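Good morning, colleagues. Please look at the structure first.

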Amino acid sequence: GASSVAIILSLLISEYVTAPIQKIIKATKNIAKGKYSERVEVETDDEIGELSHALNIMAEQLEDNRRLQKSLISNVAHELATPLMNIGGYTEALKDDVIKGKKLKRQTLEIIKEETERLAKMVDEVRALVVIEQPQFKLEKKKRNVETLIKKAIQKMKPQFKEKSIAVNLNVDEKMPKVSLDQNRFTQILINLLANAEK
């Protein structure tokens, strides 16, 4: 009788304790392998149930982090591509002597310089993202002439538009006041919009 009771207790322990723990161990191993969609069914309200719930929350957070990481990589690639294309386009134009006159050449070199600086700043920002403790980017706001910034952004995208024979017309209200903004961020937004329009 005692042996029978021991066997029954052993089966009950295996069913209600060992089996759920084995499921948690299996799920933990899968999550460690990068299978962040893995979840454990929460069947009880005891410590095992709490552990399962905590594991599911952790897996969900890891899955969200992976999605954010993929999105970040995609965005960074897009952000870096535009200034690189601009630099390449203007460098090619200078090499082929398409741009004539000292003034135009000087303006072109200035654009290449600005795009190189913008590219360097983007790389610095990507490096900053590697450090989790890094605070959010600060906006360096100053009163700026919006029309001037738009003209510069269009000028930077000129090679891409010219290649596809696309005309770009600028229409800005003459009474538009200066706006407090981060010049680099604003230019980045404008160029992204222009690049998307060109595509």
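Let me begin with Thr108, which lies in helix α3, residues 102-130; helices here are DSSP runs of H or I with at least four residues, and strands are E runs of at least two, numbered from the N terminus. Before going further, I note that this is a predicted model, in which local features need pLDDT of at least 70, side-chain atom pairs count only at pLDDT 80 or more, and totals for chains, interfaces and linings use all residues. Residues are numbered from 1 along each chain as its sequence is written, and side-chain values use heavy atoms, with hydrogens and water left out.

Thr108 counts as buried, because its relative accessibility is 4%; buried means under 20% relative accessible area, exposed over 50%, and partly exposed in between, with a 1.4 Å probe and protein chains only. Setting aside residues up to four places away in sequence, Thr108 touches Tyr90, Leu94 and Ile99, where contact means heavy atoms within 4.5 Å.

I turn now to helix α2, residues 47-95, which contains Ser52. Ser52 is also buried, since its relative accessible area is 4%. Apart from neighbours within four places in sequence, the contacts of Ser52 are Ile24, Val40 and Val42.

The helix α2 itself has 49 residues and spans 71 Å from first C-alpha to last, close to the 72 Å expected at 1.5 Å a residue; that expectation is 1.5 Å times one less than the number of residues. After α2 comes Asp97, with a positive phi near 60°.

How do α2 and α4 lie relative to each other? Their axes come within 9 Å and cross at roughly 70°; axes are lines fitted to C-alpha atoms, for helices over the stretch in contact, and angles run from 0 to 180 degrees between N-to-C directions. The two helices are therefore roughly perpendicular, a label for 65 to 115 degrees, with under 35 roughly parallel, over 145 roughly antiparallel and the rest oblique. On the α2 side, the contact includes Thr82, Met85 and Tyr90, and on the α4 side Met157 and Pro159 are among the residues involved.

Finally, the core. The largest nonpolar core has 13 residues, and Ile150, Ala153, Met157 and Leu194 have the most contacts inside it; such a core is a set of buried Ala, Val, Leu, Ile, Met, Phe, Trp, Tyr and Cys residues joined through side-chain atoms within 4.5 Å. The largest share, seven residues, comes from α4.
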